[in-house]
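Reader: I would like to go through this structure with you and ask, term by term, what stands behind each description. Could you begin with a helix and what it packs against?

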Amino acid sequence: MVDTARRNTGVEGVAGGVGVTALLVAAARAIETHRPDSLAQDVYAEHFVLAATASKGWPVHPKEVADGDRDPLWGRFARYFGLRTRVLDDFLLRSVHAEGVRQVVLLGAGLDARAYRLDWPADCVIFEIDRQEVLSFKHQVLDGLSAVPKAARVPVAMDLRDDWAGALPGAGFDPSAPSVWLVEGLLFYLPPAAETYLIDTVDRLSAGGSALAFEVKLEKDLLAYRDSPLYTSTREQIGIDLLNLFDLAPRPDSAGRLADKRWSTAVHTPFDFTHRHGRGPLPEENDALAGNRWVFADKPRP
Ligand code: SAM
């Protein structure tokens, strides 16, 4: 499967295009790490932000955000990423510690440092798929810190708009053993056909007892939120036009597709977890997060 549109490939690394969004999430995680009521700790995040030219001058600490939580970008949106990080940390750790899964796959891993910062069982393997240039930047920063992963880590350089299904078994992934998959902040950048291919590939490579979490946006017309505080401040403060990076074609029903393949699915709003954890974003008027859903899916054991 090869997508010919390639609308966001102008820049391949973290310097711009879709890759720079990995720095945006890293900055949010850095800020979260330094909050007194932090939901997630990522000591590596600020190093990515400080190392890249594209993120020059971005805050990495709450004290550098003049308007605090009132800032739509470095307040509310960063809180969103902090909450998402925590919820998905918990999901992955539950899968390995409570369900005994030993293969973890991070799709569109970006600058996710979970392999380095979470407590994994010693025999766990973490596969990270992103594009070569993003992974190279990540390795350059982590090598500079002499960072050591807490489990075996296998980076797999692939473009997820290509035919990537063979890459994982080729890198040592075992489709006959259960796995846990994370698709965090990725699907809205992919063309619909690549999303469907991804869901079908995860299903095909997943033994019974596997689990998947992914994030989708349900809005029919994302451009209706163009003037929302969140998109406006991201454009004006750091020059990232998220709507320009998203693939605006109608999205497939990936949760429904998995249910048709007999996975059990649970669909949550982020706000469900704000209530659960006592912090995080709450709904607001003209809310670019209104259609965001976090989907958790389990493939039954035979
Ligand atoms: N999952 C990471 C996190 O939450 O920190 C990164 C999220 S970042 C918003 C989106 C990531 O998806 C970037 O690292 C980008 O390089 C990656 N990505 C986007 N399109 C991709 C593609 N076609 N193939 C591989 N990776 C892609």
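This is a predicted model: local features need pLDDT of at least 70, side-chain atom pairs count only at pLDDT 80 or more; totals for chains, interfaces and linings use all residues.

Reader: Which residues of helix H11 are buried?

Author: Helix H11 spans residues 270-277, and within it Pro270, Phe271, Phe273, Thr274 and His277 are buried, a word that stands for a relative accessible area under 20%.

Reader: Why is Gln103 called buried?

Author: Gln103 has a relative accessible area of 8%; the cut-off is under 20%, and so Gln103 counts as buried. Its place is in strand S1, which runs over residues 103-107.

Reader: What does the side chain of Gln103 reach, and which residues is Gln103 in contact with?

Author: The side chain of Gln103 reaches the backbone nitrogen of Asp174 at 2.7 Å and the backbone oxygen of Ala177 at 3.2 Å. A polar contact requires a pair of N or O atoms within 3.5 Å, and the values of 2.7 Å and 3.2 Å are set against that limit. Leaving aside neighbours within four places in sequence, Gln103 is in contact with Val125, Phe127, Gly172, Phe173, Asp174, Ala177, Pro178, Ser179 and Val180.

Reader: What does His97 touch, and where does His97 lie?

Author: His97 lies in helix H3, residues 72-97, and touches Asp119, Trp120 and Pro121 when residues up to four places away in sequence are not counted. A polar atom of the His97 side chain lies 2.9 Å from the backbone oxygen of Asp119, a value to be read against the limit of 3.5 Å for a polar contact. Phe173, one of the residues in contact with Gln103, is 76 residues from His97 in sequence and 19 Å from it in space, C-alpha to C-alpha.

Reader: How many cavities does a search of the whole structure find, and what makes a space a cavity?

Author: The search finds three cavities of 30 Å³ or more. A space is called a cavity because a 1.4 Å probe fits there but cannot get out, whereas a pocket is open. The largest cavity holds about 600 Å³ of space. Its lining has 43 residues, with Thr21, Gly108, Gly185, Leu186 and Tyr189 the closest to its centre. Helix H1 (20-33), H3, S1, S5 and helix H8 (229-238) are the elements that give two or more residues to this lining, and H1 gives the most, with six. By class, the lining of the largest cavity has 26 nonpolar, seven polar and 10 charged residues.

Reader: Which residues line the second largest cavity?

Author: The second largest cavity, with about 40 Å³ of space, is lined by Arg84, Leu88, Val183, Glu184, Ala213, Phe214, Glu215, Trp294, Val295 and Phe296. The lining divides into seven nonpolar, no polar and three charged residues, while H3, S5 and S7 each supply at least two of its residues.

Reader: How many residues line the largest pocket, and which element gives the most to that lining?

Author: The largest pocket has about 450 Å³ of space and is lined by 25 residues, with Lys217, Leu218, Glu219, Arg251 and Pro252 nearest its centre. Strand S5 gives the most, four residues, and the lining divides into 14 nonpolar, one polar and 10 charged residues.

Reader: What is the volume of the second largest pocket, and which elements each supply at least two residues of its lining?

Author: The volume is about 370 Å³, and H3, S6, H11 and S7 each supply at least two residues of the lining. H3 gives the most, with five residues. Of the 21 lining residues, Phe91, Arg94, Ser95, Phe296 and Asp298 lie nearest the centre of the second largest pocket, and by class the lining has seven nonpolar, seven polar and seven charged residues.

Definitions and conventions. Residues are numbered from 1 along each chain as its sequence is written. Side-chain values use heavy atoms; hydrogens and water are left out. Contact means heavy atoms within 4.5 Å. A polar contact is a pair of N or O atoms within 3.5 Å; within protein, one must be able to donate a hydrogen and the other to accept it, and residues adjacent in sequence count only if both atoms are side-chain atoms. Buried means under 20% relative accessible area, exposed over 50%, partly exposed in between (1.4 Å probe, protein chains only). On a 1 Å grid over the protein atoms alone, a cavity is a set of points where a 1.4 Å probe fits but cannot get out, and a pocket is an open set with protein on both sides within 12 Å along at least five of seven lines; lining residues have an atom within 4 Å of a point. Grid points are joined across faces, edges and corners, and a volume is the space filled by probe spheres set on the points. Ala, Val, Leu, Ile, Met, Phe, Trp, Tyr, Cys and Pro count as nonpolar, Asp, Glu, Lys and Arg as charged, and the others, Gly among them, as polar.
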